[in-house]
Amino acid sequence: MYAALPDRCAGIEFDAITPDEKGNTFFFKGSHLWKGYHGAAQLANQFFTELDDIHHIGHVDAAFRMHNAANHEHNYFFLDDKVFSYYNHTLENGYPKEIQEDFPGVPSHLDAAVECPKGECMANSVLFFKGHDVHIYDITTRTVKTKTWSHLPVCTSALRWLEHYYCFHGNNFTRFNPVSGEVSGAYPKDARHYFMRCPDFGHGGDYEVPKCSEIKINAISTDDEGKSYLFSGSMYVRLDTRKSGLHSFPITRSWKEVTQGVDAVFAYDDKMYMIKDDHVYIYKTAAHYMLIEGYPKTLNEELGIEGHVDATFVCPNTHTVYVLQGRNMRSVDLTATPRAVVEDLPMPFSDIDAALCSNEGIHLFKGSDYYLYETPMILAMSRMAPVPQPVTNALLGCQD
């Protein structure tokens with residue numbers, strides 16, 4: 001007689017949580033795991049073949065993904081005094097090893113682990129949890145500093161998700177600062193509301209990835225810190241975090257004053273410009289998108305533009321924004337005061353949904369297709385639209 005599968009919606013405590021190199025998040029409990037934020041439990045050895053009774057593993061104490069590795073990404077699993085290193089879901093040669101061989105100074109019988117890159121921690125690090133002690137392992141120097149965070153619950157698993165850090169305990173989680181351990185806000189919270197889809201519970205961050213043939217976007221932009229955003233309706237998606245999975249959120253979560261969606265977005269000089277109808281909202285990038293005092297302003301006041309805007313783009317290391325309106329492409333010098341249209345250039349087609357300029361060229365999105373041009377001048381000189389190319393998973397993270 002088969003034992004019943006564990007049910008995470010019943011309110012269980014996870015042994016470990018980790019993403020893999022493809023952005024799938026795995027939740028471990030005993031000899032089972034869950035892939036992603038919904039679905040039934042499966043045997044862990046269906047994904048990590050050595051996690052079985054033959055190798056006497058059966059469960060894991062802690063796990064994390066190492067994306068700072070020189071050659072490729074690893075998933076590390078810890079059990080008692082051993083560490084197992086996986087690449088592409090295959091146990092690497094020479095493993096398991098003693099934890100001290102790979103992570104000198106890190107104790108055995110861990111409770112949880114999570115990687116913390118430089119910029120979020122003081123150096124590229126791994127946080128190892130054991131009781132209320134946190135052992136901060138510097139990946140470069142291979143040294144450990146230990147802190148005691150008695151105010152934080154004992155974490156049985158930990159997760160870095162969209163640049164935030166979560167300590168899981170029981171069926172709850174607490175968000176914490178990875179440097180100080182500080183907890184801000186009303187915690188703990190029930191994980192079933194946020195990290196899984198359960199009946200009678202809300203779920204946050206779970207994103208039904210659309211088919212590429214059905215995708216429709218309103219704007220797309222990359223800010224000066226390399227964060228890439230796709231906007232659709234009242235929601236946005238971070239594209240650069242796809243290795244942690246794609247997740248959609250209300251636009252008002254990050255830009256609370258923009259309540260009716262966006263028509264166009266572009267980044268310039270550590271600021272994010274968001275256009276809706278005849279108004280421009282400008283946010284400081286470095287200050288968690290704080291609206292600059294005095295905004296929104298009208299399009300005419302800010303850019304010397306009137307009328308509906310279809311899309312905008314700024315190419316890397318330039319000071320010109322191109323504003324697409326119907327069959328016109330209008331360039332505005334962002335260093336000028338006051339700002340005004342410098343050139344009014346023709347477009348080979350109209351009704352563009354969104355535009356993005358990168359080192360690869362200019363992508364113009366229209367429905368589920370896009371057009372690619374090398375430069376703004378080549379776009380302006382074109383008399384006919386090129387053959388459209390279908391949007392792909394590699395471009396926008398949608399389902400091919």
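How many disulfides does the structure hold? Here are some notes to read with the model open; keep in mind that it is a predicted one.

1. **The count.** The answer is 4 disulfides. Let's go through some of them, beginning with the pair Cys9 and Cys198, whose sulfur atoms sit 2.1 Å apart. That is inside the 2.5 Å cut-off for calling two cysteine sulfur atoms a disulfide.

2. **Where Cys9 and Cys198 come from.** This pair ties together distant parts of the chain, 189 residues apart. Look for Cys9 in the segment before strand E1 (16-19), and for Cys198 in the loop between strand E17 (189-190) and strand E18 (219-222). The torsion about their S-S bond is about -90 degrees, so this disulfide is left-handed. As for Cys198, its relative accessible area is 5%. Buried means under 20%, so Cys198 is buried.

3. **A right-handed one.** Now find Cys116 and Cys121, which form a disulfide with their sulfur atoms 2.1 Å apart. The torsion about the S-S bond is about 105 degrees here, so this disulfide is right-handed. Are these cysteines buried or exposed? Cys116 is buried, at 0% relative accessibility, and Cys121 is buried too, at 7%.

4. Cys155 is buried, with a relative accessible area of 1%, and Cys167 counts as buried at 0%.

5. **On to the rings.** A search of the whole structure turns up 44 aromatic pairs. Take Phe78 and Phe103 as one example: their ring centres are 5.7 Å apart and their planes meet at 55 degrees, so the pair is tilted. Phe78 belongs to strand E6 (residues 74-79), and Phe103 to the loop between helix H1 (99-102) and strand E10 (112-116). That puts them 25 residues apart, in distant parts of the chain. Both Phe78 and Phe103 are buried.

6. **A whole cluster.** Which residues form one aromatic cluster that takes in Tyr166 and Phe173? The members are Trp161, Tyr166, Phe168, Phe173, Tyr187, Tyr194 and Phe195. Elsewhere, the charged end of Arg8 sits over the ring of Phe27, 5.3 Å from the ring centre.

7. The largest cavity has a volume of about 120 Å³. It is lined by 14 residues, and the closest to its centre are Pro19, Arg65, Val114, Glu115 and Arg160. E1, strand E5 (62-66), E10 and E14 each give two or more residues to this lining. Sorted by class, the lining has 8 nonpolar, 3 polar and 3 charged residues.

8. **The open one.** The largest pocket has a volume of about 900 Å³. To find it, look for Leu162, Glu163, His164, Lys227 and His288, which lie nearest its centre among the 24 residues of the lining. At least two lining residues come from each of E15, strand E16 (172-176) and strand E20 (235-238). The lining of the largest pocket splits into 9 nonpolar, 7 polar and 8 charged residues.

Conventions: Residues numbered from 1 in each chain as written. Predicted model: local features only at pLDDT ≥ 70, side-chain atom pairs only at ≥ 80, totals over all residues. Heavy atoms only, no water. Helix = DSSP H or I, 4+ residues; strand = E, 2+ residues; numbered from the N terminus. Buried < 20%, exposed > 50% of the residue type's maximum accessible area, 1.4 Å probe, protein only. Phe/Tyr/Trp six-rings, centres within 6.5 Å; stacked < 30°, edge-to-face > 60°. Lys NZ or Arg CZ within 6 Å of the ring centre and 35° of its normal. 1 Å grid on protein atoms, 1.4 Å probe; cavity = no way out; pocket = protein on both sides within 12 Å on 5 of 7 lines; lining within 4 Å. Points joined across faces, edges and corners; volume = space filled by probe spheres on them. Nonpolar A, V, L, I, M, F, W, Y, C, P; charged D, E, K, R; others polar.
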